[in-house]
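Good morning, and thank you for coming.

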Amino acid sequence: MLILKHHWRQSFRNPIQKLHHLNRTLTSAHLDFRALENLKNDSALCKDMMKSAKSVLLHDRKYLVQQKPGGKSCSLHITQFKDLKDSSIQHTVLLTVVNNCAIFATSVNDVTKFTEDGKQLIEPRPALFLLSEEDQGLATMGLNLLQWQMDNKFCSKCQTELIYHISGRSCRCENCSVTYFPRYNPVVIMLVVCGDYCLLGRNKQFPSRMFSALAGFIDVGERIEQAVVREVSEEVSVEVDISQVRYVSSDFWGGFRRNYSPELMIGCVATVNTMQTPCCSEEIAEAKWFHKDEIREALEKSKMPGLHKLQTDGLLLPPPFATAHKLAALWCKES
């Protein structure tokens, strides 16, 4: 590894050469991953790439979007980074690299120039229903990384003002010689199942027919399985055998409300042998066992536009982009 690093430094003094060399030896996806890592660490390379980079725009925690034909969905408005005036830029952060083109997210104090030809600002939560999955990923990443910059201006140890890397993906305290990176909180979200039934809970803030999978933060020192067992016990007093917990998938979530940290939702399925009667904690208004047929019907209903599904009867589930929806859909497909 040391030899490889030495050879790399000797052979490619110019950071741009690194990308050209990678382009000949790796697939485009691997090239983009490696380029992103270089941009996070190499100030000169990042500054040079900004000349051809693109940027997602945000203003007051809202996304700048443009309507697609038909008016039922939107796409992020992405502009050339070089077209942004320095005076209007508040914060900027590197998001990703696609086909060797860097994409940033930039918060600006004036979007008048860009709100033309049907472009508009929308709140993060409604945007989840209007943007494609790819655009959702860019938008939520940008929102949370920009918020991280705004919330972290001084060193937590000595209160010295932090100096941000040009990529916006790290900051450093020169006094403490400490480098800070963005972080988010791990959360378990679990579907408790017994045969053809699953247990769902309704938070006190949910509408009367809206139920979801149980969820909770992973405590310090806990494994994922331990957190699932503890949370199910705390929230509904149902006992889960730790050997019957299996990981399914994960999703990035959060940052849609001010003062709320982003989360990594770790989706699991917990199997129990008997349908134990749930006894709800203060957080949960009610918890019920639902048959697969009810879940399948609710999954179809959740794909409908917001007002239409509220006019129907029966169980309501979170929308398709939510981890709870994905867990339920996967379970329904299993025999």
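I shall speak about one loop, then a helix, then a pair of strands.

The model is predicted: local features need pLDDT of at least 70, side-chain atom pairs count only at pLDDT 80 or more, and totals for chains, interfaces and linings use all residues. Residues are numbered from 1 along each chain as its sequence is written, and side-chain values use heavy atoms, with hydrogens and water left out.

Let us begin with the loop between strand 1 (54-59) and strand 2 (62-67), where arginine 61 is placed. Helices (H or I, at least four residues) and strands (E, at least two) are DSSP runs, numbered from the N terminus. Aspartate 60 lies in this loop as well. Most residues other than glycine have a negative phi. Aspartate 60, however, has a positive phi near 55 degrees, and for arginine 61 the value is about 65 degrees, also positive.

Is arginine 61 buried or exposed? Arginine 61 is buried, at 10% relative accessible area, whereas aspartate 60 is partly exposed, at 46%. Buried means under 20% relative accessible area, exposed over 50%, and partly exposed in between, with a 1.4 Å probe and protein chains only.

I turn now to helix 6, residues 133-151, which has 19 residues. Its buried residues include Leu138, Leu145 and Trp148.

Finally, the strands. Strand 13 runs antiparallel to strand 11 (residues 185-194), joined by four bridges. Phenylalanine 217 is the bridge partner of valine 187.

Definitions and conventions. The expected span of a helix is 1.5 Å times one less than its number of residues. Two strands pair if DSSP finds at least two bridges between them.
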